[in-house]
Amino acid sequence: MSCIRRSNVRLRISVPKDFDINSIQKCPIDSGCYFIPLEESASNEDPNMPFVVLQEKYFIAHLAGHEFKCEYSCRNRVLSKLYDYLAGWRPIRDQIASSNIDTKFGLDLIDGTLHNNEIPRIIFAREGLQFSGKVDNGTNNCIMENYTNLDLQNLAEITKSKHCNHDFFIVYLGPSEGEDLNRRTMCRSDRYMCCSTKTLETYEYETAIQSRVEKMLYEDVEACIKKWKDEDLALELKKPAKKTPNFRLVDIQGNPVEEDTDYILQLYDQPEDVIKDGDYGSMFYATYRLNRSEKIIVRYCIVDGIHYLTYHGKFLHADDTHGDELGYMEEEEKVPEKKNRVEFHVTENNTFKTAKWDTNIWLTFEKITLNHSSLKFDSKEEVMRWGKPLELTLTRV
């Protein structure tokens with residue numbers, strides 16, 4: 001998820017009289033700033049807060065009593081760091097300031113001026129579409145332009161005319177499906193597209209893998225796009241296979257699981273943990289194997305051709321009360337709705353993986369503390385790409 005600016009936080013940019021604001025390159029961070037005439041900027045402002053003064057050939061950044069003369073190609077990098085301080089948790093502001101002052105924002109100091117040590121990339125956002133502006137996943141070395149029509153050739157030509165990396169450009173496509181653009185949250189998933197200026201080959205991706213994709217683009221654009229498309233194809237092939245009419249669960253011995261028979265539900269690939277009934281709701285979690293916990297006894301049944309496991313007569317399902325965790329229905333003999341239904345996929349080890357019905361969202365294991373690990377159906381893109389589905393076993397009592 002990308003961390004976006006809080007709507008009530010703005011970084012002050014002081015603009016001298018007769019300064020042409022259109023003479024400087026736009027940046028993503030601009031949506032987290034407000035521009036005010038220099039002669040008005042000092043009257044009601046807290047002098048301890050960071051601010052920037054624009055000059056004709058450079059800008060001056062003010063942070064915790066220190067001044068930094070900076071070239072314009074690193075404006076988004078420096079202003080993003082100042083914004084971190086402004087929007088950061090007050091007890092750690094001094095730490096943020098000291099880090100930036102000591103490292104000079106990670107930039108090169110040449111003849112008293114901070115210079116960018118990596119050429120920025122360009123990102124395009126549709127005219128009228130609010131870009132998140134503040135990005136916190138290592139991709140803040142950007143300049144920005146708006147567009148009205150997604151004409152890739154035209155965007156490639158604009159890219160080549162700017163002081164930025166000419167091998168590729170990025171297009172901001174807006175919030176991911178299901179995300180609210182105006183939702184006030186520090187984290188939101190967004191969609192992007194990268195494009196080679198040489199071949200106009202494109203690849204769409206989300207915030208979860210943005211940092212990885214854009215880092216690789218600097219190395220080899222065409223190879224990067226091919227790698228991520230190949231990985232998408234492999235991910236597609238990992239989706240659960242459709243059930244066959246003769247599907248049957250098996251126990252750890254490889255024997256078909258029988259209905260109306262007790263089985264112990266156990267973790268297979270997490271030997272240090274055992275499944276435990278939730279203490280605060282009808283859901284399961286995992287705990288250290290030496291902790292006190294009752295064995296989870298389940299039964300297998302088939303209803304209208306669909307295969308289920310039950311616990312004390314209650315059907316197992318994807319419990320979305322606190323996030324899709326493995327749980328069980330509140331009422332006995334009540335069948336889960338389709339969106340909460342789960343399906344089982346037997347492996348060659350006589351174990352089974354569990355997915356949300358008709359999706360490739362698998363049950364995963366996440367260590368929270370030594371004594372508590374979650375069993376959840378995680379739809380985050382990085383988990384779906386690289387996460388390992390949890391394997392469970394059934395042992396006949």
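Colleague: Which strands does helix α6 lie across?

Modeller: First, a heads-up: this is a predicted model, where local features need pLDDT of at least 70, side-chain atom pairs count only at pLDDT 80 or more, and totals for chains, interfaces and linings use all residues. Residues are numbered from 1 along each chain as its sequence is written, and side-chain values use heavy atoms, with hydrogens and water left out. Helices (H or I, at least four residues) and strands (E, at least two) are DSSP runs, numbered from the N terminus. Find helix α6 at residues 221-237, and you'll see it lying across β11, β13 and β14.

Colleague: And at about what angle does helix α4 run to β11?

Modeller: Axes are lines fitted to C-alpha atoms, for helices over the stretch in contact (heavy atoms within 4.5 Å), and angles run from 0 to 180 degrees between N-to-C directions. Helix α4, residues 152-161, lies across β9, β10, β11, β13 and β14. Against β11 (168-175), helix α4 runs at about 125°.

Colleague: In what order do the 5 strands of the open sheet come?

Modeller: Two strands pair if DSSP finds at least two bridges between them. The pairing in this open sheet is mixed. Reading across it, the order is β10-β9-β11-β13-β14.

Colleague: Which strands are the edge strands?

Modeller: Look for strands that pair on one side only. Residues 142-147 make up one of them and residues 202-206 the other. They are β10 and β14.

Colleague: How many of the 5 residues of strand β17 are buried?

Modeller: Buried means under 20% relative accessible area, exposed over 50%, and partly exposed in between (1.4 Å probe, protein chains only). Strand β17, residues 284-288, is largely enclosed by the rest of the structure, because its buried residues number 4.

Colleague: Which residue in β25 stands opposite tyrosine 285?

Modeller: Strand β17 has partners to sort out here. With β16 (residues 273-277) it runs antiparallel over 5 bridges, and the two form a hairpin with 6 residues between them; there, tyrosine 285 is the bridge partner of lysine 276. With β25, strand β17 also pairs in the antiparallel sense, over 2 bridges. In β25, the residue opposite tyrosine 285 is serine 374.

Colleague: Is serine 374 buried or exposed?

Modeller: Serine 374 sits in strand β25, residues 372-377. Not counting residues up to four places away in sequence, it touches Glu325, Thr364, Phe365, Glu366 and Ile368. Its relative accessibility is 7%, which means serine 374 counts as buried.

Colleague: Which residue's backbone oxygen does the side chain of asparagine 350 reach?

Modeller: Asparagine 350 is in the loop between β22 (342-346) and β23 (352-356), and at 24% relative accessibility it is partly exposed. Beyond its neighbours within four places in sequence, asparagine 350 is in contact with Val250, Asp251, Ile252, Gln253 and Gly254. A polar contact is a pair of N or O atoms within 3.5 Å; within protein, one must be able to donate a hydrogen and the other to accept it, and residues adjacent in sequence count only if both atoms are side-chain atoms. At 3.4 Å, the side chain of asparagine 350 reaches the backbone oxygen of isoleucine 252.

Colleague: What is the phi of aspartate 111, roughly?

Modeller: Aspartate 111 lies in the loop between β7 and β8, and it is exposed at 78% relative accessibility. It isn't a glycine, yet its phi is positive, at about 50°.

Colleague: Where is lysine 104 placed?

Modeller: Lysine 104 is not a glycine either, and its phi is a positive value of about 55°. It is partly exposed, with a relative accessible area of 31%. Its place is in the loop between α3 (93-103) and β7.

Colleague: To zoom out, what percentage of the 397 residues in the chain is buried?

Modeller: The chain's secondary structure comes to 7 helices and 26 strands. Of the 397 residues, the buried ones make up 48%.
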